[in-house]
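Please examine the sequence and the structure shown here. The report that follows is intended for a reader new to them.

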Amino acid sequence: MKNLRAPILHTLLLLCVICQATASAAQTLGDPVATRSAEALEQYRQGDFEEALRIYRDALVQRPGSPSLHLNVGDALYELGDYAAAADEFERAAGAPDEGLAAQGYYNLGNSHYQQQDFSAAAEAYREALQRTPQDQDAKANLELALQMLQSPPPQQQQGDGEQNDDDPKGDEQ
């Protein structure tokens with residue numbers, strides 16, 4: 001007799017995946033902010049950071065206190081190279097009551113400070129991220145890098161010389 005257990009398990013697993021997808025769609029259905037956020041995320045994933053930023057900011061008008069929207073606005077600004085504005089958004093996200101979201105805000109805040117060569121502020125932000133998520137290996141590595149840069153900062157590069165800094169901290173995706 002054939003073992004029917006495996007096909008039944010696969011069918012149940014497939015049903016669970018379908019249910020999760022339906023539940024996810026239902027969460028955005030009727031919630032204009034969630035719908036806009038989903039649209040913005042799609043633009044972000046396609047590399048259209050300006051359009052993602054525009055859509056995230058539209059959603060932020062409806063939910064100005066949303067730490068996750070501030071994180072997403074910051075991510076788009078970071079990708080556009082506006083590190084100071086991104087840092088402002090990440091600071092707002094870092095104040096989230098959810099420790100995981102706050103840790104992401106601090107981590108990305110550290111990356112923004114690092115890009116501005118404010119290694120002291122970057123190190124402090126990475127420390128804050130690690131207080132919330134001590135197992136975060138990227139935050140540990142970036143903290144070490146920021147501390148190294150404090151000990152021996154790189155020579156100042158002239159604007160527009162086209163060179164990439166190999167010591168960039170590891171980024172964090174949405």
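## Basis of the model

This is a predicted model, in which local features need pLDDT of at least 70 and side-chain atom pairs count only at pLDDT 80 or more, while totals for chains, interfaces and linings use all residues. Residues are numbered from 1 along each chain as its sequence is written, and side-chain values use heavy atoms, with hydrogens and water left out.

## Packing of helices 4 and 5

Helix 4 (residues 67-79) packs against helix 5 (residues 83-94) at an angle of about 160°, and their axes are 8 Å apart. Helix 4 is therefore roughly antiparallel to helix 5 (angles over 145 degrees count as such).

The contact (heavy atoms within 4.5 Å) involves residues of helix 4, including Pro 67, His 70 and Leu 71, and residues of helix 5, including Tyr 83, Ala 85 and Phe 90. By class, the residues of this contact comprise 10 nonpolar, 2 polar and 3 charged (Ala, Val, Leu, Ile, Met, Phe, Trp, Tyr, Cys and Pro count as nonpolar, Asp, Glu, Lys and Arg as charged, and the others, Gly among them, as polar).

## Aromatic pairs

The structure holds 4 aromatic pairs (ring centres within 6.5 Å; planes under 30 degrees apart are stacked, over 60 edge-to-face and the rest tilted). Tyr 78 and Tyr 83 form an edge-to-face pair, because their ring centres are 5.1 Å apart and their planes lie at 65°. Tyr 78 is buried, at 16% relative accessibility (buried means under 20% relative accessible area, exposed over 50%, partly exposed in between, with a 1.4 Å probe and protein chains only). Tyr 83 is partly exposed, at 24%.

Tyr 107 and Tyr 126 form a tilted pair, 5.9 Å centre to centre with 55° between the planes. Both Tyr 107 and Tyr 126 are buried.

Note on methods:
Axes are lines fitted to C-alpha atoms, for helices over the stretch in contact, and angles run from 0 to 180 degrees between N-to-C directions. Helices (H or I, at least four residues) and strands (E, at least two) are DSSP runs, numbered from the N terminus. Angles under 35 degrees count as roughly parallel, over 145 as roughly antiparallel, 65 to 115 as roughly perpendicular and the rest as oblique. Rings of Phe, Tyr and Trp (its six-membered ring) pair if their centres lie within 6.5 Å; planes under 30 degrees apart count as stacked, over 60 as edge-to-face and the rest as tilted.
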